[in-house]
Amino acid sequence: MQQQDWPLWEIFIRSRQGLDHKHVGSLHAADAQMAIENARDVYTRRMEGVSIWAVESKYIHASNPDEAGAFFEPAEDKVYRHPTFYDIPEAIGHM
Amino acid sequence: MNIALHNDTQVALSNYVLQLADTNLILAQRICEWCGHGPVLEQDIALSNIGLDLLGQTRSLYQYAAELLDEDKSEDDLAYLRSERQFKNLLLVEQPNGDFGYTIVRQFLYETFQQLLLTELKKSSNTQLAAIAEKSLIETNYHYKWSAEWVIRLGDGTEESKSRIQKSINEIWTYSGEMFIPCAAEQLLASISIIPDVAALKEAWMRKVKTVLDEATLTMPENMYMQQGGKTGVHTEHLGYILAEMQYLQRQYPRQQW
């Protein structure tokens, strides 16, 4: 079997209990079980993780970089969407 | 040392610990030969990880052996300054890597045995052995899982992978019996319940191996002549080459350190 026959998987690792799984990279594997074991060997050998998620790369849908302008720029001048934009009356105290 | 041991027991114990250490060391050396040559990057790393796990276990064992020998020897002396006839490793682990399937089978047969052995050793009255066994078992459980899954993938894989791994099983099988033939040290230590009787582990080993081979649609060889000698220092022609390479630096430049 050639390696190019093996699909690509995206690997997400949770570094500690309570934290989110974070994307750490990708690897090739024949199936989900092998993907998780390969991820264990490739990405957790220095105690980086306590949990692994593997998602076949073809199932990841991404935004189009060419549309990044239309997608994200309109948010740049809308500071009022941040809660820090508003003065909070002193009587309310810390929210 | 938790109890003052009778002298014969001490000798048997140091021999036995060396046997465990040598076996792990030689297998680690073999597996690490794959570094940079694995079939895929992920498995290349998996193999090196296992090799380094084994090396870590080896160090604990050599340190304990050095303590038992009481000859002012260090773990490095034991690994680098003993000759072929002094090495007590199983013949199984000194066999050359062959193809990936052969390496997998060798690993699978050994780790299946290790899992059974360490599970028993964990309960040893010798607290040092018990502690080393308990720590090693966690790693061994993964090595077993990894190798068993690859036996199944290759056996129940393509026609070629199946015929090649079956050939490897048939070739290496003759070295599998030695694990269950106790040497003098093992007999003595088993008689005073410091270690399990290895012969008694054979049945469970056969069962576990058979279950995996069945799932892999592979055939278990029957009643083959079993090679032995490793435990008493009588090795196949391969060990000398491993030692020559592994010990070269210490032999050529004695007392060199990292």
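What follows is a short exchange on cavities and helix packing in this predicted model.

Colleague: How many cavities of 30 Å³ or more are there, and what volume has the largest cavity?

Modeller: The count of cavities of 30 Å³ or more comes to five. The largest cavity has a volume of about 100 Å³.

Colleague: Which elements give two or more residues to the lining of the largest cavity?

Modeller: That lining has 13 residues, and Q19(B), L20(B), L90(B), F113(B) and L117(B) lie nearest the centre. By class, eight are nonpolar, three polar and two charged. The elements giving two or more residues are helix 1 (7-32) and helix 5 (100-121) of chain B.

Colleague: How many charged residues has the lining of the second largest cavity?

Modeller: This cavity has a volume of about 80 Å³. Its lining includes L20(B), N24(B), Q114(B) and L117(B). Helix 1, helix 2 (41-69), helix 5 and helix 6 (127-155) of chain B each supply at least two lining residues. By class there are eight nonpolar and four polar residues; charged residues: none.

Colleague: Are helix 1 and helix 5 of chain B roughly parallel or roughly antiparallel?

Modeller: Their axes lie 13 Å apart, and the packing angle is about 150°. Angles over 145 degrees count as roughly antiparallel. Helix 1 and helix 5 of chain B are therefore roughly antiparallel.

Colleague: What is the handedness of the crossing of helix 1 and helix 5 of chain B?

Modeller: In the contact, L20(B) and N24(B) are among the helix 1 residues, and Q114(B) and L117(B) among those of helix 5. By class, this contact has seven nonpolar, four polar and two charged residues. The crossing is left-handed.

Key:
Residues are numbered from 1 along each chain as its sequence is written. Chains are lettered from A and ligands numbered from 1 in the order in which they are written. This is a predicted model: local features need pLDDT of at least 70, side-chain atom pairs count only at pLDDT 80 or more; totals for chains, interfaces and linings use all residues. Side-chain values use heavy atoms; hydrogens and water are left out. On a 1 Å grid over the protein atoms alone, a cavity is a set of points where a 1.4 Å probe fits but cannot get out, and a pocket is an open set with protein on both sides within 12 Å along at least five of seven lines; lining residues have an atom within 4 Å of a point. Grid points are joined across faces, edges and corners, and a volume is the space filled by probe spheres set on the points. Helices (H or I, at least four residues) and strands (E, at least two) are DSSP runs, numbered from the N terminus. Ala, Val, Leu, Ile, Met, Phe, Trp, Tyr, Cys and Pro count as nonpolar, Asp, Glu, Lys and Arg as charged, and the others, Gly among them, as polar. Axes are lines fitted to C-alpha atoms, for helices over the stretch in contact, and angles run from 0 to 180 degrees between N-to-C directions. Angles under 35 degrees count as roughly parallel, over 145 as roughly antiparallel, 65 to 115 as roughly perpendicular and the rest as oblique. A crossing is left-handed if the near helix is turned anticlockwise from the far one by less than a right angle, and right-handed if clockwise. Contact means heavy atoms within 4.5 Å.
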